[in-house]
Amino acid sequence: MAKINENYLKLPQNYLFTEIARRVKKFQLENPDAQIIRLGIGDVTQPLPKVCIDAMAEAVQEMGKIETFRGYGPEQGYLFLREKIAEWNYKKRGINISADEIFISDGSKCDCGNIQEIFSLDSKIAIFDPVYPVYLDSNVMAGRTGNLQSDGKFENVVYLPCTEENNFNPAPPSEKVDLIYICSPNNPTGTVLDKKSLKNWVDYAKENNAVIFFDAAYSAYITEENLPRSIYEIEGAKEVAIEFRSFSKTAGFTGTRCGYVVIPENLCATTSSSEKILLKNLWLRRQSTKFNGTSYIVQRGAAAIYSDEGQAQVKILADYYLENAKIIRDGLNAAGLKNFGGENSPYIWLKTPKNFSSWEYFDELLNKFNIVGTPGAGFGTCGENFLRLTAFGRREDVLKAVDRLIVG
C-alpha cells in the first residue's frame, strides 16, 4: 500500500481559517437571523481598478483572434510585466532590480510556501512569533522541522517573539540560522519595520551566510515616507534577500491571482561541498518544472496599474482600506480596547480584554456582537491574548461593527 508523507500529521488538525469557518458556520446555523460581519480573513471587497478591467477585456479579445492568440507563456512571466515592475516598484525608488531578476506567479502565498523547496532539508529556519502560518507549515510539510511540542512550538525552529515589550520587533537570534522569514508590514500584527531594524537583519544574514525571505505583500499600505517598501532599500540586501510581492492587496487580485518573486542575480547558497549556486537558476528550474505561468490575461491586467492613471486607482483602493483601519482603531479606542498596527497596514492587532484567551474572545465577538476576527493564537504562541481584525471589509460593515463594539 502507498505510504503518506507523515510530516503532514505533525500539523495541527485544522488549518486556522478552516477552524474559523467551522465555528462561524455552526453559529450561523444556530442563529439564522444573525447579521455576521466578517473582519477575519484578509480578503478584499472592492472591485478591481478600471484600468485592470479594461486591459483584461482587451486581452480577452486578443485571445479570440488567431493573429494575437497566445498559448503557454514564459514560466518567468511576460517581459512586458516584469519590465514595468522593475521600473515602477524599484528603479523609481532608486533600487537597481532588473526584469531578469523578477518571476511572475499566481500569488505570494504560493511563492512563500514553495521557496523552501530549493533549500536543504537540514536548513534551520527562524520565524517571527506570531507568524503567517504558511511560512511555518510549508517547512513542517517538507520535513524540515521536528514534532509539535507541548508548548505549541515545533522542534528545530527558532521562534522570535513579537511582543508589546519589544514593539513587535524582535532582535536577530544569538544562534546561527540559515533561512529567515520576515513580513513587513506584518501579518498579523500590522506593524512595520524601519530601516534600522532591517539593516540589523541584513547584517545578521551576511555574517551568518543566511538568506532572508522578505514578504512585502502589503507594501502599498505604507504611508510614511521614511519606512522601507522593499528590503532592497537596505544596503547589502541584494546579497542576502529574496523578496515576495503580490497584486492581491495592492490591486484587489485575490480572486484573479498574480504576484511575483525577486531573486537578485548574484544571490547564492552553497552545496554540501561548499560550491556556490545561483538561487535564481534553481528557482527558474523549479518553476519550469512545476508551473506553467500566470495567465496572459491576468498579467495584462496587472501591468495596467503601472501608469499614472493606474497608480492613482490603486491608491484609491489602499486609501479606502486604510480609512477602514482608522475607523476600526478609533472605535476600539473609544471602546477602551488596546490595539496596535493599522496605520501603515490593513491589519489591526487587538489585545483581548479581561485576560480572555484568543479563542475565548473570538467566541465572545461572534456570539455577542456577531463579528468575526482571527484568533491571535492561530498565528503562534505569542499571539495568545490577541485577535487580528482586517480592514478589507466594506465600509458599511466596518461602521456597523464599530458601532456594535462601542454601544456594547
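A charge sits over a ring if NZ of Lys or CZ of Arg is within 6 Å of the ring centre and within 35 degrees of the ring normal. Arg300 meets that rule, lying over the face of Phe80 at 3.7 Å from the ring centre. Please keep in mind that this is a predicted model, where local features need pLDDT of at least 70 and side-chain atom pairs count only at pLDDT 80 or more, while totals for chains, interfaces and linings use all residues. Residues are numbered from 1 along each chain as its sequence is written, and side-chain values use heavy atoms, with hydrogens and water left out.

**Rings and the charges over them**

- The structure holds 26 aromatic pairs; rings of Phe, Tyr and Trp (its six-membered ring) pair if their centres lie within 6.5 Å, and planes under 30 degrees apart count as stacked, over 60 as edge-to-face and the rest as tilted.
- Phe80, the ring under Arg300, is stacked with Tyr78 at 5.4 Å centre to centre and 20° between the planes.
- Both Tyr78 and Phe80 are buried, where buried means under 20% relative accessible area, exposed over 50%, and partly exposed in between (1.4 Å probe, protein chains only).
- Tyr320 and Tyr321 form an edge-to-face pair, because their planes stand at 85° with the ring centres 5.4 Å apart.
- Tyr320 and Tyr321 are both buried, and Arg395 lies over the face of Tyr320, at 4.4 Å from the ring centre.
- A cluster linked by ring pairs takes in Phe119, Tyr132, Tyr135, Tyr181, Phe213 and Phe244.

**Salt bridges**

- The count comes to 25 salt bridges, each being a side-chain nitrogen of Lys or Arg within 4 Å of a carboxyl oxygen of Asp or Glu.
- Glu30 forms a salt bridge with Lys26, and the closest N and O atoms are 2.8 Å apart.
- Glu30 and Lys26 are 4 residues apart in helix H1 (residues 16-30), so about one helical turn separates them; helices (H or I, at least four residues) and strands (E, at least two) are DSSP runs, numbered from the N terminus.
- Lys26 is partly exposed, at a relative accessible area of 45%.
- Which residue forms a salt bridge with Glu243? The partner is Arg245, with the closest N and O atoms 3.1 Å apart.
- Glu243 is buried, with a relative accessible area of 0%, and Arg245 is buried at 7%.
- Arg394 forms a salt bridge with Asp397, the closest N and O atoms lying 3.1 Å apart; Arg394 is partly exposed at 40% relative accessible area, whereas Asp397 is buried at 18%.
- Shared partners join the salt bridges of Glu19, Arg22, Arg23 and Asp363 into one network.

- Strand E5 (residues 179-183) is mostly covered, with 5 of its 5 residues buried.
- In a regular strand the side chains alternate between the two faces of the sheet.
- Leu179, Tyr181 and Cys183 point one way from E5, and Ile180 and Ile182 point the other way.
- Strand E3 (residues 125-129) pairs with E5 in the parallel sense over 3 bridges; two strands pair if DSSP finds at least two bridges between them.
- Tyr181, one of the residues in the ring cluster, is the bridge partner of Ile127.
- E5 also pairs in the parallel sense with strand E6 (residues 211-215), over 5 bridges, and Cys183 stands opposite Asp215 in E6.
- From E5 the chain crosses through helix H6 (residues 195-208) to E6 in a right-handed β-α-β crossover; right-handed here means that, with the strands pointing away from the viewer, the path from the first strand over the helix to the second runs clockwise.
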